[in-house]
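Here is a short tour of a protein model, written to be read with the structure open beside it. Have a look at the fold first, then follow along.

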Amino acid sequence: SALLYQVARVSAAMMTANVDGGYLEGLLRGYRAGILTTTDYANLTQCESIDDMKMHLSSTDYGNFLQNEASPISTATLALKCTEKLVEEFNFLRLQSVEPLATFLD
């Protein structure tokens, strides 16, 4: 009887383990998979212009954030768009989080 109770408690805990954090964990795993690789960075160092960088980044998870920018792209625009993308992703994660992470991210 005590063993059956213990198994039931563990089973219930396992069924609700990702209720609060599972979606957020999935998002973070997706973001992590999209981080530029060593090869990506090596290719970016070979770029001769920001337009070359834009072309290379278009094949990565960062591909869409510069698509509406007319050429030639300035370094200020590149920095602004990178910052906007980071802030947008952070705010989305913050809005999806639950306590105590929500307070930490605020």
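## A buried aspartate

Setting aside neighbours within four places in sequence, aspartate 40 is in contact with His56 and Thr60 (contact being heavy atoms within 4.5 Å). Aspartate 40 sits in helix H3; helices here are DSSP runs of H or I with at least four residues, strands are E runs of at least two, and both are numbered from the N terminus. The model is predicted, so local features need pLDDT of at least 70 and side-chain atom pairs count only at pLDDT 80 or more, while totals for chains, interfaces and linings use all residues. Residues are numbered from 1 along each chain as its sequence is written, and side-chain values use heavy atoms, with hydrogens and water left out.

A salt bridge puts a side-chain nitrogen of Lys or Arg within 4 Å of a carboxyl oxygen of Asp or Glu.

Histidine 56, one of the contacts of aspartate 40, lies in helix H4 and counts as buried at 16% relative accessibility. Leaving out neighbours within four places, histidine 56 touches Asp40, Asn43 and Leu44. Asparagine 43 is 13 residues away from histidine 56 in sequence, with 7.8 Å between their C-alpha atoms.

Helix H4 covers residues 50–57, and its buried residues are Ile50, Lys54, His56 and Leu57. They span an arc of only 165° around the axis, which puts them on the same side of H4; the arc is taken from the directions from the helix axis to the C-beta atoms. Their packing partners are helix H3 (38–45) and helix H5 (75–96).

## The core and the overall fold

Ile50 and Leu57 also turn up in the largest nonpolar core, along with Leu36, Leu44, Phe65, Leu66, Ile73 and Leu78, making eight residues. Such a core is a set of buried Ala, Val, Leu, Ile, Met, Phe, Trp, Tyr and Cys residues joined through side-chain atoms within 4.5 Å. Beyond its neighbours within four places, isoleucine 50 is in contact with Ile73, Ser74, Thr75 and Leu78.

Zooming out, the protein chain has six helices and zero strands. Of its 106 residues, 20% count as buried. Among contacts between residues at least 6 apart in sequence, 43% join residues at least 24 apart.

## Salt bridges and cysteines

The whole structure has four salt bridges. One joins arginine 29 and glutamate 25 at 2.7 Å, N to O; these two are four residues apart in helix H2 (residues 22–33), about one helical turn. Arginine 29 is exposed, at 58% relative accessible area, and glutamate 25 is partly exposed at 31%. Another pairs lysine 81 with glutamate 84 at 3.4 Å, N to O, three residues apart in helix H5.

Aspartate 106 and arginine 94 meet in a salt bridge too, at 3.2 Å, N to O. This pair links distant parts of the chain: aspartate 106 is in the segment after helix H6 (101–105), and arginine 94 is in helix H5, twelve residues apart.

As for disulfides (cysteine sulfur atoms within 2.5 Å of each other), the count is zero. Cysteine 47 is partly exposed at 22% relative accessible area, and cysteine 82 is partly exposed at 37%.

Note on methods: Buried < 20%, exposed > 50% of the residue type's maximum accessible area, 1.4 Å probe, protein only.
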